[in-house]
Amino acid sequence: MTEVVLEGWWEVLTALDGQRPVIVGEAVREWPPEQLAELIAAGLLTEIAPTRSLACPGCPEAPFCDVICTERHTGERRALLACPNCGLQAVPLDDLRRWQVERGAVLELVRQTLRLAGQRSKIVSGRLWRLGRLHHGGTPWSVWFAFQLFRRDAGDLVVRGQLPARALLLVPGRQPEFLLPHGVVSGSLRDLTEWSDNGLQWNAERLEELLHVPASESHSPKKPASTRRQSRATDIEALVAELKQHLRSARDHAVHTRDSRGVPALLPRRTQKDLARRLGITESRVSRSLNDERAAALRLLWSLADDLDQMLRFVP
């Protein structure tokens, strides 16, 4: 990659992590002259109505104050910031400009530059999308994109999405702090991409590290087939891990709904079909594992996941 320019692209990613993805005129002052035009031409930014308030630069608390726009007899327009502490002060008209970051355009840019197969689909409005399939090193990956995975409901969001194993979960900047489901890896565009040469460029080396599949996990025709007993034990272990992850998310969801609505809500337990799909095994194998005499811990977790009162006491 050459002529790397980060200022504008990083501002875009920072805005995408916010509740409303808007970039203000003051932020673009330090951008290279061509950066704003490039991002607009790429469809990533759309100019919206000017702001009516700005933070006062002369006050330590930087309070937001109303902007008064006037026009002189010469036809020249000017903007004044009405601060109760500092009085009227002139501000550049360009500081009032604002641009909205187009989430759909960002998602489509990611799809195109990664050359993903399949269609983009919205899973949770405004928060979670499935972008398509990526074949990397002979291994197929399901690529997803999520916004604001640092919020309290992030674990619930990922559970609702039911991401499969071998899933790449992309975020704009801030990485999730909770434990992701087995087989799901996350990466931020801030770490994996750059804006250069008038387009989005991926850091191939970092992407390779993120999607590296250890030889022990790859499919090898020389690997001896495991016995039925070994396979059942492996299934039970994987199901225990999956249900523990679900219980963590379910507990977070119950606490969040209790705090926000006054009444805790139960996150629906994964069905046997869901578990089978996530682990890449058959539904009958899930059923046999649940009925196995060695699977007492698995059955306990299965029961906990459907009992709100007991689940709230669950400590992973």
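This is a predicted model: local features need pLDDT of at least 70, side-chain atom pairs count only at pLDDT 80 or more; totals for chains, interfaces and linings use all residues.
The model contains an open sheet of three strands, arranged in the order β2-β8-β3 with antiparallel pairing. Its edges are formed by β2, residues 22-24, and β3, residues 45-48, and each of these strands pairs on one side only. On average, neighbouring strands in this sheet are turned by 35 degrees against each other, direction ignored. Helix α1, which spans residues 7-16, packs on the sheet and touches β2, β3 and β8. The direction of helix α1 makes about 130 degrees with that of β2. Within the sheet, β2 is joined by three bridges to β8, residues 98-101, and the two strands run antiparallel. In this pairing, valine 24 is found opposite arginine 98 of β8.

A further open sheet is built from four strands in the order β4-β5-β6-β7, and its pairing is antiparallel. The edge positions are taken by β4 (53-55) and β7 (87-91); each has a single partner strand, so one side of each is left without a neighbour in the sheet. From one strand to the next, the twist of this sheet averages 40 degrees.

Three bridges in the antiparallel sense connect β4 with β5, residues 64-71. Here serine 53 stands opposite aspartate 66 of β5, while alanine 55 has phenylalanine 64 of β5 as its bridge partner. Strand β5 is in turn joined by six bridges to β6, residues 77-83, again in an antiparallel arrangement. Across this pairing, threonine 70 faces arginine 78 in β6. The strands β5 and β6 form a hairpin with five residues between them. In that hairpin, glycine 75 adopts a positive phi near 90 degrees.

Attention now turns to the aromatic side chains. A pair of aromatic rings is described by the distance of the centres and the angle of the planes. In the whole structure, a search finds three aromatic pairs. One of them is formed by phenylalanine 145 and phenylalanine 147, whose ring centres lie 5.1 Å apart and whose planes make an angle of 50 degrees, a geometry classed as tilted. Both phenylalanine 145 and phenylalanine 147 are buried. Ring pairs also bring Trp129 together with Phe145 and Phe147 in a cluster.

Two arginine residues are placed over aromatic rings. Arginine 103 lies over the face of phenylalanine 147, at 4.8 Å from the ring centre.

When residues up to four places away in sequence are not counted, leucine 170 touches several residues, including Val110, Leu114, Val143, Trp144 and Phe145. Ala146, Gly187, Leu192 and Trp202 are also among the residues touched by leucine 170.

Definitions and conventions
Residues are numbered from 1 along each chain as its sequence is written. Side-chain values use heavy atoms; hydrogens and water are left out. Two strands pair if DSSP finds at least two bridges between them. Axes are lines fitted to C-alpha atoms, for helices over the stretch in contact, and angles run from 0 to 180 degrees between N-to-C directions. Contact means heavy atoms within 4.5 Å. Rings of Phe, Tyr and Trp (its six-membered ring) pair if their centres lie within 6.5 Å; planes under 30 degrees apart count as stacked, over 60 as edge-to-face and the rest as tilted. Buried means under 20% relative accessible area, exposed over 50%, partly exposed in between (1.4 Å probe, protein chains only). A charge sits over a ring if NZ of Lys or CZ of Arg is within 6 Å of the ring centre and within 35 degrees of the ring normal.
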